[in-house]
Amino acid sequence: MNTTTAAHSASRPVPHSLSAQSLGRLDFRAMPRILARLAGLALRYRRLCAAAVACAFGSAALNLLLPMLLGRAVDQVNHLRVGSAAAPSLWPLAGLLVGAAAARGTLTGLQGYFGEAIAHRVGNDLRLAFFDKLQQLSAAFHDANHSGDLITRGMLDLEGVRGFLETGALRVISLSLLLGLGVWRLLGSDLELGLLALSFTPFVVWRAARMGILLRLSWQKLQQMMSALTLSMEENLQGQRVVRAFDARAQELTRFDRDADAALRLSNQRITLRMSAMSQMNLAFYLAMAAVLWVGGQRVAAGSLSVGMLSECLAFMTLLQQPVRQVGMIVNASARASGAGARLFAVLDAEPAVRDAPGAQDLAPGPGVLRFENVSFAPDGGPARLVGISFELRPGRVLGIVGAPGSGKSTLAQLIPRLHDPAAGRITIDGHDLRGLTLASLRRQVALVQQEAFLFDGSVHDNIVYADPQACSGRARGAAATAQVHEQIEQLPGGYGSRVGERGAALSGGQRQRVTIARALAAKPKILVLDDASSAIDTLTELRLRESLRESLRGCGVVVIAHRLAALAHADEILVLERGRIAERGSHAGLLNRGGAYAALWAMQQSGDAKTIDEVAA
C-alpha cells in the first residue's frame with residue numbers, strides 16, 4: 001500500500017459509529033483463497049498439525065462427556081437413600097469426572113501448545129521470506145513504498161496472520177465438534193428441551209459474526225492509523241535535528257497527538273462495540289437458560305424428565321456458551337488474517353523489476369570496459385530521464401559527469417550497477433550486456449558511492465568491510481587511508497572499533513562520505529561510481545583524496561559525478577548533461593576552449609557565482 005494513501009487515510013475524521021453499510025469494503029471472495037494459502041503454510045509442519053487436530057478432537061469429545069457424566073451423577077444422587085449401600089457407586093463416577101476434566105485440561109493445553117508452535121514457525125517463515133523479498137525488490141519498488149508501511153506489514157500484519165493460525169483455525173475445529181455432537185446428543189435425548197437449550201445459538205452466532213466483521217473493519221482503519229503513526233515517529237526521529245533547529249517541537253507534538261487521538265477514539269469505539277455485543281449475547285444465553293429451567297423444572301415436577309437430564313442440558317449450555325461466543329473472534333481473526341495476509345502476499349508475490357534473466361551468466365574477471373550504447377531510460381509512466389547516451393570507459397580512465405539537478409546524472413549512475421534497466425539501448429561490461437549477467441557477480445565488480453552517505457549502526461571497521469565481512473583489518477585500514485579518513489578514525493575513542501551510531505550520526509558529514517568511499521574501495525571493484533560523493537568534503541581534503549584515488553585506482557574505471565567542476569578537471573572525458581541528453585563532451589581543457597555552458601559555469605564557479613548549467617545555458 002502506498003504510504004501517502006495511508007497517511008491521508010489516517011488523517012480523515014473517524015466515523016462516530018461502525019455500521020453494516022460499510023461491509024462491502026471487506027473482500028470476502030478473497031478470504032478463502034488467502035486462508036487456504038495460510039493453511040498450506042501451516043501444513044508444512046504435518047506432525048505438529050496432526051497433533052494439534054488430535055488434541056482438538058480429544059478436548060471436544062471430553063467436553064461433551066463431562067455434561068453426560070454430571071447428569072448421570074445427579075440422577076444417582078437423586079435415587080440414593082441416606083445410609084444406602086448404593087452410596088459407594090458414586091466414587092467411580094466421581095473418579096471419571098475428575099479424570100475426564102484432567103484429561104480435557106491436558107489436551108486443551110497441548111492443543112494450545114501445538115497451535116502456538118505452528119503459528120510461530122509459520123510466522124518465522126513469513127518473516128524471513130518477507131525480509132528476503134525486500135532485499136530482492138528493485139529500487140523502483142522502494143521508491144514507491146515508504147519504509148514505515150513496509151515495517152508495519154512485516155510486524156503488525158504478520159502478527160495478524162500468526163494469531164489466526166495460533167487460535168482461530170483450531171477454534172473452528174472445536175466449535176464444529178461441540179455443535180455437531182452436542183446438537184446430536186441433546187436433540188436425540190429430548191427434542192423440546194434440546195431446542196430450548198440451543199435457542200440462543202443462532203442469535204449469538206449472528207451477533208458474534210457481525211461483531212467480528214465490524215471489528216475487522218475498524219482494525220483496517222486502525223492499521224492505516226498505525227502506519228501513519230509509525231511514519232510520523234520515524235520521520236521525527238530521523239529529522240530530530242531539524243525539529244530542534246527550527247524549534248518545531250510543539251508543531252510535531254500537535255501532529256502526532258492528532259493522529260494518536262484518532263487512533264484512541266477508534267480503539268474506544270472497538271471496546272464499545274465489543275461490550276455491547278457481548279452484553280446482548282449474554283442476555284440471549286441467560287434467557288435461553290431461564291426457558292430451559294422453566295420448562296425443564298415443570299417436566300421434572302411432572303415426572304416426565306429426570307433431574308440428571310435437566311442438569312446435563314444446563315451443563316452443556318454453559319459449556320457451549322463460550323465457544324459459540326468465540327464465533328466473533330473466529331470471524332475477526334479470519335478477516336484480519338485475510339487482510340493482513342493479502343498485504344503480506346502483495347509484497348511476497350511482487351516481481352522485482354530488475355532480476356537475473358533465465359540463464360544469466362556470472363561476469364568473468366576481465367579488464368572492466370564499460371560501454372553505454374545509445375541508452376535511454378524512462379520510469380514507468382514518466383518522462384524520459386536519459387536519451388541516447390553513449391560513451392566508453394576503459395580501465396585506468398576517469399569519466400566526469402556534470403549537469404543541473406534533474407539532468408539525469410544520478411539515474412545514469414544507478415544504471416551501471418543495474419539498479420534500473422534501460423528502456424532502450426544497452427550497457428555492456430567487457431562486451432557482456434548487463435541484463436545477461438547475474439546481479440551478484442555484476443555488483444561485486446561495480447561499486448556505487450552515492451551522495452547520501454548511509455552507514456549502518458555498527459563499528460567503523462564493519463562498515464568499511466561491509467561487502468566482505470571476512471576481510472582483514474589491513475584492507476579496511478588501507479581503504480580508509482586512500483579515502484583520507486584513516487587519521488580521523490584513529491582519533492576516535494575506539495578507533496576502528498568505534499560505533500558510528502544510527503546512519504553514522506557519530507561522524508561528521510565529510511567523515512561519513514569518506515567512510516562510504518572507503519567501503520567501496522575495500523570491495524576492490526573494477527568500476528567505481530562516485531555520485532557527488534565528495535560534496536561534504538572540504539576542498540583541500542578533496543584534492544588529497546583525488547590524488548590518492550588516482551594512485552590506487554590505476555586499473556579501475558572511475559565515473560565521477562560532481563557539481564564542483566574542480567573535482568572533474570583531472571577527468572579524461574567530461575559529459576555535460578542537459579535534460580537527459582549529452583549537450584557537450586570532451587576534456588576539461590577542450591570544453592573550456594569551446595566556450596560553451598561548461599566554460600561559462602567554470603568561470604562563474606572560479607569567481608564564486610554558484611549558478612547551474614541550465615542558468616548558464618539560458
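**View 1. A nonpolar surface patch formed by Phe-454, Phe-456 and Tyr-466 in the predicted model.** Together these residues present about 290 Å² of accessible area (Shrake-Rupley method, 1.4 Å probe, with only the protein chains shown counting as cover for residues). Patch residues have over 30% relative accessible area and no salt bridge, with like charges joined within 9 Å and nonpolar side chains (Val, Leu, Ile, Met, Phe, Trp, Tyr) within 5 Å; a salt bridge is a side-chain nitrogen of Lys or Arg within 4 Å of a carboxyl oxygen of Asp or Glu. Phe-456 lies in the loop between strand S6 (446–449) and helix H15 (460–464). Helices (H or I, at least four residues) and strands (E, at least two) are DSSP runs, numbered from the N terminus. With a relative accessible area of 37%, Phe-456 is partly exposed (buried, under 20%; exposed, over 50%; partly exposed, in between; 1.4 Å probe, protein chains only).

**View 2. The buried residues of helix H16 (residues 473–482).** These are Ala-476, Ala-479, Ala-480 and Thr-482. They line one face of the helix, because they fall within an arc of 160° seen down the axis of H16 (directions from the helix axis to the C-beta atoms). Their cover includes H15, helix H17 (486–490), helix H18 (509–522) and helix H19 (539–552). Just after H16, Gln-484 adopts a positive phi of about 60°.

**Notes.** Residues are numbered from 1 along each chain as its sequence is written, and side-chain values use heavy atoms, leaving out hydrogens and water.

Technical notes
This is a predicted model: local features need pLDDT of at least 70, side-chain atom pairs count only at pLDDT 80 or more; totals for chains, interfaces and linings use all residues. Contact means heavy atoms within 4.5 Å.
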